[in-house]
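Please look over this note beside the coordinates. It covers the ligand site and then some backbone geometry.

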Amino acid sequence: MKFDTVIIGGGLTGLVSGIRLVQQGQKCVIVSSGQSALHFFSGSFDLLNSLPDGSSVKNPEAAIEDLASQAPEHPYVKLGKAKFTELAREAKKFLSEIGIKTHGTSDKNHYRITPVGMLKPAWLTMSGFAFSEDHETFPWKKATLLNIEGFLDFHPEFISEAFEKMNVETEIKHFNLPELSAVRKNPSEFRSTNLSIIFDKEENLDTLAQIFSKNSKDSDVIIFPDCIGLKDTGILSRLIEKVGKPVFLIPTFPPSLVGIRTQQHLKEYFIKSGGIYMLGDNVTHADVEEHHVSKVYTHNHGDIPLMADNVILATGSFFSQGLIADTKKIYEPVFELDTDYLPNRADWYNPNFFEKQNYQQFGVKTNSNFNGIKDNKPIDNLFVSGAVLNGFNPLKEGNGAGVSILTALYVAEQILNQKKTHESNTQ
Ligand SMILES: Cc1cc2nc3c(=O)[nH]c(=O)nc-3n(C[C@H](O)[C@H](O)[C@H](O)COP(=O)(O)OP(=O)(O)OC[C@H]3O[C@@H](n4cnc5c(N)ncnc54)[C@H](O)[C@@H]3O)c2cc1C
């Protein structure tokens, strides 16, 4: 099977590269073994919330020089300030054009609300989700925090505390629908994804609107857990129209409805644009000759190889098994690329869970073009993007999605430029 580009891994980074490449006419396949980090998504993409020394970042675009002095291996530093800024701005446009509407810009972090009511900096927050422009004020006087009776993945009490600290009066209300009793019978099924099946039904819209209105008479905003709109993305705006006042979502504990919806949307967009998505298959190994990938093998296709001009490795970090830790080393299982990690295992993690964990910034080494490196030499047609990369700490620095999206756009650009150069040389 011959493609222009084979992408290994169908999470955020693999899908963004894939969409970009198929939009430009490439024949592209994504092989993805399973769920991605998007299934745990907070509803906000982070670009850069803190520098490695812990100082907080208000304007990510202005922080790249400081980042360069503290973390020379950081993916953003490899991109350089100008490219970082260009791609961060481009990313918002790219998402919007493929139907993912967000609030935020790359020159000013805003604040998202976590499931326990904390305010955390964010770059792009998905449309429909509650946010604040700063960490001291909300634009509301009184908020109704509306929950479903017996739903344990949303805790309005914590959110109420956070709102009250910011001078927003709150009231917590619960409601029930007869249809929910079937789902409620099994507590492990009483999750956002199953609730959404009921709330997404058009025939329930009027009843829901009445419940929302009745419970929020003197509030100027309604806050609701993210358990509506899995399949029907327009249902929230129709509900808001009927209620006649703003309704904002707050993420719940996993599974993340907004994450699953985003993953599905990206995947469907990729397929609709001509891409092939092989879900549930696993790339096991590859033939690499003279620092060039010639063939890629998957579990389901056995000895029938996938061949392509270029390959993108987008397999994620430890969480998705893009990186594996054994007792002595950290390795990348498909190509056995050179990895960056501390030699002494005791230095990999800090027993204090909340401290910076060194293992989080271990990953695959690349050159400045994001080519994977094997035995100290770059592989000319293998590009690496997203969470599998070395040099950044997504949790401490708050930059997971930013690295994934920006490096995805960057490697797609490298591949497309290569093709243009080749075409102009052969004319
Ligand atoms: C639990 C969790 C929650 C997060 N939440 C946020 C958030 O809210 N906001 C934010 O900015 N960042 C968040 N991050 C950071 C996150 O890393 C990035 O946002 C981003 O989603 C990572 O995307 P990725 O595509 O690089 O990797 P992943 O999402 O990990 O995707 C990698 C994919 O590759 C597949 N794969 C792996 N090996 C193979 C193989 N050999 N063959 C085929 N397929 C393979 C996996 O099955 C997976 O689908 C979170 C990270 C985690 C772990």
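1. Basis. This is a predicted model: local features need pLDDT of at least 70, side-chain atom pairs count only at pLDDT 80 or more, and totals for chains, interfaces and linings use all residues. Residues are numbered from 1 along each chain as its sequence is written, and side-chain values use heavy atoms, with hydrogens and water left out.

2. Elements at the site. Helices (H or I, at least four residues) and strands (E, at least two) are DSSP runs, numbered from the N terminus.

3. Polar contacts. The cut-off is a pair of N or O atoms within 3.5 Å. An oxygen atom of the ligand is 2.9 Å from a polar backbone atom of Ala37. For Gly34, a polar backbone atom lies 3.0 Å from a ligand oxygen atom. A ligand nitrogen atom is 3.0 Å from a polar backbone atom of Ser44. The protein buries 86% of the 1,000 Å² that the ligand exposes when taken alone. Areas come from the Shrake-Rupley method with a 1.4 Å probe.

4. Backbone background. Most residues other than glycine have a negative phi, and most peptide bonds are trans. The next points list exceptions.

5. Cis bond. The peptide bond from Pro254 to Pro255 is cis, with omega near 5°. Pro255 sits in the loop between strand S12 (247–250) and helix H10 (257–272).

6. His291. Phi is positive, about 55°, although His291 is not a glycine. The residue lies in the loop between strand S14 (283–289) and strand S15 (292–298). Buried means under 20%, exposed over 50%, partly exposed in between (1.4 Å probe, protein chains only).

7. Glu336. Phi of Glu336 is also positive, near 55°. Its loop runs between strand S18 (330–331) and strand S19 (339–340). Glu336 counts as exposed, at 56% relative accessibility.

Methods: Polar contact = N/O pair within 3.5 Å; in protein donor to acceptor, adjacent residues only side chain to side chain.
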